[in-house]
Amino acid sequence: MDQVRRVVAVALIVLAVAVGLNLMLTPVYHDGGDTYPIWQVMNWFMAVAVVIALFISFHRVRSLTGGPNDPVTREYLGATALFLGATGLIIIFYWNWLWTLNPESETGLAAQSHLNHFPWMDVLFSWVAGSSGLYLWRAVGQKMSRR
């Protein structure tokens, strides 16, 4: 099971880096057309990754939650911030991505709104997926070193 977690951690980190780099390089290679073929492929991987990141962050917060009088630690604040970021990301990602699968559902300014949200969503994705992957990698490493 630890090997599966390692593979998921690496996949999240690699995808986070790939999304960040592709976001920066899209203006360089994009021909100005209406389609973004690389993003169309990457979105499918991102759709799975956002669910995994939400799952990881939820379980991380859940493992740190104590009683109402427990002190608030840096670990707890970080876990909560990651969970809230993943929650916001899953909402904005699926709102945007489902629109790309049916772009005729909204036109004009509404369609432009979707295009304006993609860069912000991609930045948030890189942070959330990368942080979730790093956390998972470290968690497996700590667990293995205790054996």
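Me: Let's begin with T65. Why is T65 called partly exposed?
Reply: T65 has a relative accessible area of 46%. Buried means under 20%, exposed means over 50%, and partly exposed lies in between, using a 1.4 Å probe and protein chains only. So 46% puts T65 in the partly exposed class. T65 sits in the loop between α2 and α3, and its C-alpha atom is 35 Å from that of L21, 44 residues away along the chain.

Me: Where do these values come from?
Reply: The model is predicted, so local features need pLDDT of at least 70 and side-chain atom pairs count only at pLDDT 80 or more, while totals for chains, interfaces and linings use all residues. Residues are numbered from 1 along each chain as its sequence is written, and side-chain values use heavy atoms, with hydrogens and water left out.

Me: What makes a stretch count as a helix, and how many helices are there?
Reply: Helices are DSSP runs of H or I with at least four residues, strands are runs of E with at least two, and both are numbered from the N terminus. The protein has 4 helices and 0 strands, giving the pattern α-α-α-α along the sequence.

Me: Why is L89 called buried?
Reply: The relative accessibility of L89 is 1%, and the limit for buried is under 20%, so L89 counts as buried. L89 belongs to helix α3. Across the protein, buried residues make up 31% of the 147 residues.

Me: What does L89 touch, and what makes something a contact?
Reply: A contact means heavy atoms within 4.5 Å. Leaving aside neighbours within four places in sequence, L89 is in contact with V50, M121, L124, F125 and V128. The C-alpha atoms of L89 and M121 are separated by 6.7 Å, although the two residues are 32 apart along the chain.

Me: What makes a set of residues a nonpolar core?
Reply: The members must be buried Ala, Val, Leu, Ile, Met, Phe, Trp, Tyr or Cys residues, joined through side-chain atoms within 4.5 Å. The largest such core has 25 residues, and L15, V19, M46, L89, F93 and F125 touch the most other members. Each of α1, α2, α3 and α4 supplies at least two residues of this core, with the largest share, 8 residues, coming from α2. In soluble globular proteins, nonpolar side chains tend to be buried together.

Me: How do you know that R60 and E75 form a salt bridge?
Reply: A salt bridge needs a side-chain nitrogen of Lys or Arg within 4 Å of a carboxyl oxygen of Asp or Glu. For R60 and E75 the closest N and O atoms are 3.4 Å apart, so the pair passes. This pair links distant parts of the chain, with R60 in helix α2 (residues 37-64) and E75 in helix α3 (residues 74-101). R60 is buried at 13% relative accessible area, whereas E75 is partly exposed at 38%.

Me: Which other pair, D2 with R5, passes the rule, and how do you know?
Reply: The closest N and O atoms of D2 and R5 are 3.5 Å apart, which lies within the 4 Å limit, so this pair is a salt bridge too. D2 and R5 both lie in helix α1 (residues 2-29), 3 residues apart, about one turn of the helix. By this rule the count comes to 2 salt bridges.
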